[in-house]
Amino acid sequence: MDELSLKSKRLCHYLGTHPFGSGLFVLLALYFLTRLPLLGNLPIFYDEAIYIRWSQLVREGKFLISLTDGVPPMHTWLMSPLLDVFGDPLLGGRLLSVICGSLTLVLVVLLGKELFDERKGILGGLLYVLCPQAIWYDRIAIIEPLLLTLFVLAIYVSVRAAKSLAWHYVFALGVVLGVSLLTKSTAQLLFVIIPFAYLLRPKGDTGGVGPPAKEKDKEKGFPAKGKAMGESHREEGGEKGKSHPFRRWLAIIFASYFLGFGIYNLLRLSPKFGMISSRTAVATKTLGEVVRNPFDVFFSNVGEIFTALFIFVTPVIFVMGIAGIIWGIRERNRVSYFIGIWMASVWFIEAVISKHWMFETVLPRHYLVIVPSFLFGALEFGELLWKKWIARVQGKGKIFVVTTLVVITLGFPVFNVVKIVAWPQEAILPKWVKFQYLTDWPSGYGIRECVSFLEREASRRHITVGSNMAGIGLPTDALEIYLGKNPNVKIVPFRYESKDVPPALEKASLSEPVYVVYNMFPGVRFFPNDWDVEVISSYPKDGNPKMRMFLLKLNPHGKTRQ
C-alpha cells in the first residue's frame, strides 16, 4: 500500500511539474471516456463485416485475403489479434480504431507543438477529442482511423525532417509512407503534401530564398526560442544541413518516396496485386479520365464535401478553420501556407477524382485526413481573436468574453459527441453518414437479433441459413463472423436479386430447418411473393420501414419432414 501511495505521489508530482505531459494525460483520459463506452451501440456496418471477416481469415493463414477485393492488407493484419479481446469480434475490431484514434490524438498534439507551441498543441488535441467526425470513425471498425494515424505521423515526421534535414528521417519517413500505402491508396495524397513541409523552415535557412528572419517574421510564426519552428533542430542535420538545404530536402523526400514505394511493392509478390489497381479504377478517376472530363463530378463533390464538413467538423470549427488559414496567409505565415496546402490538396484532389460508383457522392470517410487541418486553422483563428480583440478587454469582461467564446465553439461539439456515444440515431450527422450506418441497406440493424435466434436454434439441431449476398458484405460476412465455426450451422449465400429459392436451400428444407437472413438492397426491397416462407421477424433500419432486415423460415418442399 505504501509503495502504491509513493507511486501515486510521484505521478502527481510529475504531472504538477510537467504541464504539457499533464495536459496530454488529461486529453487521453477524456479521449477514452468518449470512445470506449457503449462501443457496440451502433449496429454492425457493411464494410465492418467485411474487414472483420477478413481478419478472422488472416488468423487461418490467409494473410492477403483482402487483396481479393483490391484492398491492401495492413488493416486486417493489425485487427486480427484484437478480435477476441472483448469476446465479440465487432468490439474487438472497433478497438483497433479506438487505439488508432488515441495515437492520432497524441500526434495531433505533437504536431501542434511543432507548428505552434505546447499550449496550442494541447488545444488542438482537445478539438480532436471533441470533433464529431473524429469520434464517429474512431468507434467504427474501418480502415480510415488507421490511415489518419499514419497520415498525421507522416506529416509530423516530414515537418521534423524539413527542419533538421537529418538523413535518418529518410528511413523514418519512408517506412511510414510504405505502411500507409499498405493501408489504403488514399495515402498517395501524402506525396503531394509532404514536399511543402519545407515552407516551415525559417527564412534564414532557405538557402538564399528570402532575407533572414526579422522580428516581425517571428511574430508570424517564427519564435525566437524553442522548437516551434525548428530553429533548434539545426544541430540534428549538422553543418552539412546548412549547405544547399533545398537540394538536401529534395534528396530526403525522393529517397523516402523510393523506400515507401519499395515497401508497398512487396505486394507484387502476390498474384492478386493487380486487384488493387482494378479496384482503384472503379472508385477513382484515372489521369486520362481527369483530362477528358475534369469537372464531371468536381462541383457536386466540392459541394458535398463542404456540406458534410460543415456538419461533421461543426459549423463554428469549420468557419474558424478556413478563416484562420486565410488570415494566416494574409499575414504571410508559413504555417498557414502549409496547413492551407494540406486542406486544399485533400479537398481538391478528392473532388476531382472520386467517382460516384456506388453512392451518388464522395463519402466523408474518404476525406477524414482533412480534419486536422481544420483544427489547426481554428487554432490560428483563435490566436487572431486573442490578439485583435480579447487581449484588449479588461477585468471581468475578459472572463465573460472567453467563457462565451468557449461555449460557442465547444457547445455543439460536446452536445453531438454525447449523442454519438449514447444515442447515435439522434446525432446530427451528414446525409450519407446516416444513410450508410443507420437508415439504409449498408446498416446492420437486425444482425445481432438474427444471430442470437440462430444460435439458439443451432444449440438444439443442425440448421441451414441462407443469406442474400453471394459476395462480400452483409448479411453473409456478419453471419460468418458469428456462426462460421458453429458445426450445427451451414451458411448458403445467394445473389440478392435471385427470383427463385436457391436449390441448396430447397433441398436442405426437406431434412432440417432452413432460415434466411434477407437484407433489402436498392431495387430489391422485398423477397419474391411466391417464396413459401414464414416471416419470423423484420428489423427496420433505424425505424425506416422502407429498408429492413428480414429473418425468414423456409417452409419444406416436396415430402413432409418426419
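This is a predicted model: local features need pLDDT of at least 70, side-chain atom pairs count only at pLDDT 80 or more; totals for chains, interfaces and linings use all residues.

User: How many aromatic pairs does a search of the whole structure find?

Analyst: A pair of aromatic rings is described by the distance of the centres and the angle of the planes. Here, rings of Phe, Tyr and Trp (its six-membered ring) pair if their centres lie within 6.5 Å; planes under 30 degrees apart are stacked, over 60 edge-to-face and the rest tilted. Run over the whole structure, the search gives 38 aromatic pairs.

User: Take Tyr 137 and Phe 312: how far apart in sequence are the parts that the pair ties together?

Analyst: Their rings sit 6.0 Å centre to centre with 75° between the planes, an edge-to-face pair. Helices (H or I, at least four residues) and strands (E, at least two) are DSSP runs, numbered from the N terminus. Tyr 137 is in helix H7 (residues 132-138) and Phe 312 in helix H16 (residues 298-312), so the parts tied together are 175 residues apart in sequence.

User: Is Tyr 137 buried or exposed?

Analyst: The cut-offs are: buried under 20% relative accessible area, exposed over 50%, partly exposed in between (1.4 Å probe, protein chains only). Tyr 137 has 0% relative accessibility, and Phe 312 is also listed at 0%. So Tyr 137 counts as buried.

User: Which helix holds Phe 318, the partner of Phe 306?

Analyst: The rings of Phe 306 and Phe 318 have centres 5.0 Å apart and planes at 85°, so this pair is edge-to-face. Phe 306 is partly exposed at 40% relative accessible area, whereas Phe 318 is buried at 3%. Phe 306 belongs to helix H16, and the pair ties together parts twelve residues apart in sequence, because Phe 318 lies in helix H17 (residues 315-330).

User: Which ring does the charged end of Lys 113 sit over?

Analyst: To qualify, NZ of Lys or CZ of Arg must be within 6 Å of the ring centre and within 35 degrees of the ring normal. The charged end of Lys 113 is 4.8 Å from the centre of the ring of Phe 20.

User: On to strand E3 (residues 514-519): which residue in E5 stands opposite Val 517?

Analyst: Six of the six residues in E3 are buried. Two strands pair if DSSP finds at least two bridges between them; E1 (residues 463-467) runs parallel to E3 over four bridges, with Ser 467 opposite Val 517. E3 and E5 (residues 544-554) pair in the antiparallel sense over six bridges. There, the residue opposite Val 517 is Leu 551.

User: How many charged residues does the lining of the largest cavity have?

Analyst: A cavity is a set of points on a 1 Å grid over the protein atoms alone where a 1.4 Å probe fits but cannot get out, and lining residues have an atom within 4 Å of a point. The largest cavity holds about 70 Å³, and its lining includes Arg 94, Trp 136 and Arg 139. By class (Ala, Val, Leu, Ile, Met, Phe, Trp, Tyr, Cys and Pro nonpolar; Asp, Glu, Lys and Arg charged; the others, Gly among them, polar), that lining has six nonpolar, no polar and, for the charged ones, two.

Conventions:
Residues are numbered from 1 along each chain as its sequence is written. Side-chain values use heavy atoms; hydrogens and water are left out. On a 1 Å grid over the protein atoms alone, a cavity is a set of points where a 1.4 Å probe fits but cannot get out, and a pocket is an open set with protein on both sides within 12 Å along at least five of seven lines; lining residues have an atom within 4 Å of a point. Grid points are joined across faces, edges and corners, and a volume is the space filled by probe spheres set on the points.
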